[in-house]
Amino acid sequence: MVHRHAVTGRRVALTALGALVATGIPDSVAAEPTPAAGPLPSAAQTLGADRPSAPVLRALERDLGLTPAQVSRRLVNEAEAGTRAGRLRNALGDRFAGAWLRGTTSQELMVATTDAADVPAIKAQGATATVVQKTLRDLRATKQKLDAAAARGSTLETPLWYVDIPANRVVVEAGSKAAAAAFVKAAGLDGGSVGVKVTANRPRLMEDVTGGDAYYIDGTARCSVGFSVTKGEQEGFASAGHCGKQGARTTGHNKADQGTFQASTFPGKDMSWVAVDAPWTATPNVQGEGGQKVQITGSVQALVGAAVCRSGSTTGWHCGKVEQHDTSVSYAEGKVDGLTRTTVCAEPGDSGGPYVSGVQAQGVTSGGSGDCKTGGTTFYQPVNPLLSEFGLTLKTADAESPAPQGSVAQTWAAGRVYEAGVTVTHAGVRYQCLQTHQAQGPWAPTRTPALWQRV
């Protein structure tokens, strides 16, 4: 009886949330009272989606076959959808089964639930509801069993496994059905609970290429700068872990002494950061097409289906879509968990380079398959776990002094990485996070209903 009352209470709250939108009350007003200073910014304004740079616009036109108007609309739709998905995720709780985007301009937000009673409230938020069998928590639990099995044995014939949110299943990609079946059995899973895709593609590392500016490791290997970061007063940049080990020295694109790897993790994760020496200066810029710069303003994680662009010195500036988050890849050199899979092409030499969604940093190139002539698949190490792991702050155009990381965050503070669903306090009020991001100075919860919901 107690459990039934708890579920009913959550459902009432969800219905009320939908009713606010259905009666025409703006999302920003529902989430937070308007302060005297003026109206709250929309999600698109907060994330900079309403003012994309020329390199992003041109590359999305070319790679996704869109008109300029469609590109602009898509970026705004994706920013607004992320906020709506976050609110529905918080309201649905354990019944939430994922969210993703569909349509030429990402005009359709799909939200999955395991309870048909949630459908009206999902529709009231302007999303398309789908009722599925497994919650997102269920799917992640299944993938974790595969992760554990991979730690105990070889995955050379099963190089990829991930949660496919739109399909509501976990998928294993393998060289043969027999290899996939053996892997699934080793994980203690039923064969019917995991989808299998047989493919000859095998992801490989792309360590000979640069993504933004080139840099060289111990005078031999070459990789690329991902994103500029700071740690206290020390400036530096993030890149892929397989590019260099802790203590390795780097030289820049001009072959001048540059810095030293402070930390590097590979395999398991594919992340590193380099502290630079004077006169190198960290900037919020990423190399776009034709030498133009894309200025980074934050690190809000994009939804599945969102557009994303990558910079690389071998293949230049290319775009595609996010396919899956939390993907596990078994390279010949070792297994890496928590990667994001995309349809962006890349070739050897693009390792470490940055992925950007609009003006939001997403991650650094890890590896992939295929090429930019015939098409391919790439994987990036998400930037927010990298920042959190190493206690770094992303360099952005509007950055302010960050609070130190490392302790459990009860009070909101700039510089901390917040996962969707966590709760903080700010100015004596409790807020719940809508989208995973590193908090920038101007992004206090009172001014960013795109990222925080008052509870």
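C345 is buried, with a relative accessible area of 11%, where buried means under 20% relative accessible area, exposed means over 50%, and partly exposed lies in between, computed with a 1.4 Å probe on protein chains only. The model is a predicted one, in which local features need pLDDT of at least 70 and side-chain atom pairs count only at pLDDT 80 or more, while totals for chains, interfaces and linings use all residues. Residues are numbered from 1 along each chain as its sequence is written, and side-chain values use heavy atoms, with hydrogens and water left out.

A disulfide, defined as a pair of cysteine sulfur atoms within 2.5 Å, joins C345 to C372 with an S to S distance of 2.0 Å. The torsion about this S-S bond of C345 and C372 is about 95°, so the disulfide is right-handed. C345 lies in the loop between β19 and β20 (354-357), and C372 in the loop between β21 (360-371) and β22, so the pair ties together parts that are 27 residues apart in sequence; helices (H or I, at least four residues) and strands (E, at least two) are DSSP runs, numbered from the N terminus. C372 is partly exposed, with a relative accessible area of 23%.

Because C309 lies in strand β17 (residues 307-312) and C319 in strand β18, the pair ties together parts that are 10 residues apart in sequence. C309 is buried at 2% relative accessible area, and C319 counts as buried at 6%.

Another disulfide is formed by C223 and C243, with sulfur atoms 2.1 Å apart, and with -90° about the S-S bond the link of C223 and C243 is left-handed. This pair links distant parts of the chain, 20 residues apart, with C223 in strand β9 (residues 221-224) and C243 in the loop between β11 and β12 (249-251). C223 is buried with a relative accessible area of 0%, and C243 is buried with 6%.

The text now turns to the pockets. On a 1 Å grid over the protein atoms alone, a pocket is an open set of points where a 1.4 Å probe fits, with protein on both sides within 12 Å along at least five of seven lines, and lining residues have an atom within 4 Å of a point. About 1100 Å³ of space lies in the largest pocket, a volume being the space filled by probe spheres set on the points, which are joined across faces, edges and corners. This pocket is lined by 40 residues, of which R89, R140, Q301, E419 and T436 lie nearest its centre. Helix α5 gives the most to the lining of the largest pocket, with five residues, and the elements that each supply at least two residues also include β18 (316-331) and β19 (334-342). The lining divides into 14 nonpolar, 17 polar and nine charged residues, where Ala, Val, Leu, Ile, Met, Phe, Trp, Tyr, Cys and Pro count as nonpolar, Asp, Glu, Lys and Arg as charged, and the others, Gly among them, as polar.

The second largest pocket holds about 410 Å³ of space, and of the 23 residues that line this pocket, D213, V225, S228, T281 and T283 are the closest to its centre.
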